[in-house]
Amino acid sequence: MRSGKKVHVVMLPWLAFGHMVPFLDLSMAIAKRGVHVSFISTPLNILRLPKIPPNLAPFLQFIPLPLHHPLLPPSAEATVDLPAHQIDHLKSACDALHHPVRAFVAANNPDYIVVDFFHHWAADLKTPLVIFQVLSAATSLFFLLVGGDKQASTVPQDVGSKVAYMEHEADAMHQVFTSDGERFGKLLAAASALAIRSCDEFEGEAIRSYSEKSGKQILPVGILPPEIPDRRSASPPWDAVFGWLDGQKAKSVVFVGFGSETKLSKEHIHEIAHGLEQSKLPFLWALRKPEEIEESDVLPEGFEKRTEGQGVVQMGWAPQRELLGHGAIGASLFHAGWGSIIEAMQFGHVLVFLPFIIDQPLNARMMVDKGLGIEVERAKDGSFGRGEVATALTLAIGDQTLRARTERATKDIFTNHKLHDLYLDRLVLFFQDSHN
Ligand code: AWU
């Protein structure tokens with residue numbers, strides 16, 4: 001790496017853990033390469049993010065900016081803290097950060113602001129912008145095309161044959177999406193380049209299509225293989241969960257989790273629970289309790305009694321990366337969030353997809369098309385039942401070819417740090433070249 005003058009980059013992720021986590025991973029990766037990074041978020045989000053390793057502290061600082069909004073509950077600072085119908089309050093509170101961000105940028109004169117899809121007002125700050133897409137390239141391409149043109153058929157095949165399924169989703173969310181689409185469109189027009197959490201070796205065709213369609217320089221940053229914490233959470237209630245895992249056979253347990261955005265309904269939870277019970281497979285379910293449901297009502301009557309010894313359901317925000325890293329875990333039943341796909345693929349887990357919203361159906365379709373997982377069968381109207389959950393789990397666990405193919409991809413791509421380091425080196429060169 002050529003030693004350049006210290007570049008200063010400001011990170012501006014959307015207020016969702018599926019975005020803040022990869023933005024922080026990227027921040028740590030470029031701070032390790034000598035870039036000075038200011039990571040802007042809110043005080044409570046910063047408290048909940050992984051700590052900055054002491055050796056990176058001179059290069060990477062959190063910049064806490066408090067939110068102010070009359071309708072936002074006091075401790076709500078991320079999408080995970082709010083029911084779907086209140087997300088608009090979070091969006092307007094985030095837009096009000098325009099003023100303190102402008103002041104920070106004026107006082108510190110950074111070389112770049114790395115933005116998410118949301119902060120359209122960053123285009124007016126006169127500091128060069130790089131957009132960082134935390135989604136897969138296939139999904140980013142789909143949203144670029146749907147946002148500008150609703151003809152899903154123009155989406156290249158490698159985005160996945162599930163676009164029809166997404167069409168009615170896109171219609172349903174088109175209103176919300178349009179405003180997000182307008183935000184993204186303004187940033188795309190102003191951005192110097194577009195960074196994306198992927199690599200040519202896994203999504204080459206989608207990345208090339210994205211570059212053509214967006215007319216922008218694309219900077220794949222690699223898949224940002226996460227640092228797996230070497231010390232596991234000792235805090236209750238997860239210490240007891242780790243204790244239970246310690247008593248299970250290697251690679252025998254299915255990790256079950258649906259990310260930070262998906263709000264499961266009681267019916268969904270019941271069908272998944274019955275499916276797990278029918279599969280008879282050991283499971284660990286990191287379940288986030290839906291707001292409107294009493295804890296005693298969340299799971300089916302007698303479920304916990306009947307599955308005693310087979311599996312564990314733990315409510316709350318899970319130390320997901322550490323749990324996925326436990327030797328007893330051998331498979332994941334999850335929503336196909338891009339971050340969780342990358343985390344599960346660190347360990348060659350057999351993947352069973354049960355996608356719900358946003359980019360999840362497309363991520364699932366892409367992975368299935370690449371032979372890297374099985375998707376729970378759904379009816380035409382998108383509904384699924386316990387039988388489909390049990391069948392997908394049993395098929396996946398019994399499919400040795402699938403496991404071998406997944407372990408191959410884990411070795412060749414997902415844990416190939418040398419490969420992804422090269423992408424990060426090139427990104428830092430981009431910052432340095434434009435800085436000099
Ligand atoms: P992930 O990308 O898996 O999913 P979402 O949180 O759903 O993220 C996009 O942002 C996804 O592609 C979309 O599907 C959208 C959203 N986590 C944790 O540590 N504990 C928990 O209890 C739950 C989650 C972490 C997890 C991962 C992140 C989730 C980019 O849905 O380890 O890093 O939160 O991100």
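Just after helix α14, G371 takes a positive phi of about 75°. Please bear in mind throughout that the model is predicted.

Helix α14 spans residues 360-369. How many of its ten residues are buried? Eight of the ten are, so the helix is largely enclosed by the rest of the structure. The buried residues are Q360, P361, L362, N363, A364, R365, M366 and M367. On helices in general, an α-helix has 3.6 residues a turn, so residues three or four places apart point the same way.

Let us look at Q360, which belongs to α14. Its relative accessible area is 3%, and because buried means under 20%, Q360 counts as buried. Which residues does Q360 touch, once its neighbours within four places in sequence are set aside? They are T262, H335, A336, G337 and P355.

The phi of I358 is near 50°, a positive value in a residue other than glycine. I358 is partly exposed, with 34% relative accessible area. As background, most residues other than glycine have a negative phi, and most peptide bonds are trans.

K251 is not a glycine, yet it has a positive phi of about 55°. K251 sits in the loop between α8 and β8, the latter being residues 253-257. With a relative accessibility of 36%, K251 counts as partly exposed. The other place is the peptide bond from P236 to P237, which is cis, with omega near 0°. P237 lies in the loop that runs between β7, residues 218-220, and α8, residues 238-246.

I turn now to the ligand. Which residues come nearest to it? Of the 20 residues around the ligand, the nearest are S260, A318, S340, E343 and D359. D359 places a polar side-chain atom 2.6 Å from a ligand oxygen atom. G339 contributes through its backbone, where an N or O atom lies 2.9 Å from an oxygen atom of the ligand. H335, already named as a contact of Q360, has a polar side-chain atom 3.0 Å from an oxygen atom of the ligand.

How much of the ligand's accessible area does the protein cover? On its own the ligand has 660 Å² of accessible area, and the protein covers 95% of it. The elements that give two or more residues to the shell are α1, residues 17-31, and α13, residues 338-344. Of these, α13 supplies the largest share of the shell, with four residues. Sorted by class, the shell has seven nonpolar, ten polar and three charged residues.

This brings us to the overall division of the protein. There are two domains: domain 1 covers 8-225 + 417-435, and domain 2 covers 231-414. Their C-alpha centres lie 26 Å apart. The contact takes 36 residues from domain 1 and 31 residues from domain 2.

Finally, I would like to visit another part of the chain. A96 is located in the loop between α3, residues 87-95, and α4, residues 98-108. At 37% relative accessibility, A96 counts as partly exposed. The C-alpha atom of A96 is separated by 32 Å from that of P355, and the two residues are 259 residues apart along the chain. P355 is one of the residues in contact with Q360.

H98 is found in helix α4. Is H98 buried or exposed? H98 is buried, with a relative accessible area of 17%. Apart from its neighbours within four places in sequence, H98 is in contact with W121 and L125.

To close, I return to two points. Thank you for your attention.

Key:
Residues are numbered from 1 along each chain as its sequence is written. This is a predicted model: local features need pLDDT of at least 70, side-chain atom pairs count only at pLDDT 80 or more; totals for chains, interfaces and linings use all residues. Side-chain values use heavy atoms; hydrogens and water are left out. Buried means under 20% relative accessible area, exposed over 50%, partly exposed in between (1.4 Å probe, protein chains only). Contact means heavy atoms within 4.5 Å. A residue is near a molecule or strand if one of its heavy atoms lies within 4 Å of it. A polar contact is a pair of N or O atoms within 3.5 Å; within protein, one must be able to donate a hydrogen and the other to accept it, and residues adjacent in sequence count only if both atoms are side-chain atoms. Accessible areas come from the Shrake-Rupley method with a 1.4 Å probe; for residues, only the protein chains shown count as cover. Ala, Val, Leu, Ile, Met, Phe, Trp, Tyr, Cys and Pro count as nonpolar, Asp, Glu, Lys and Arg as charged, and the others, Gly among them, as polar. Domain bounds come from an automatic or database domain assignment.
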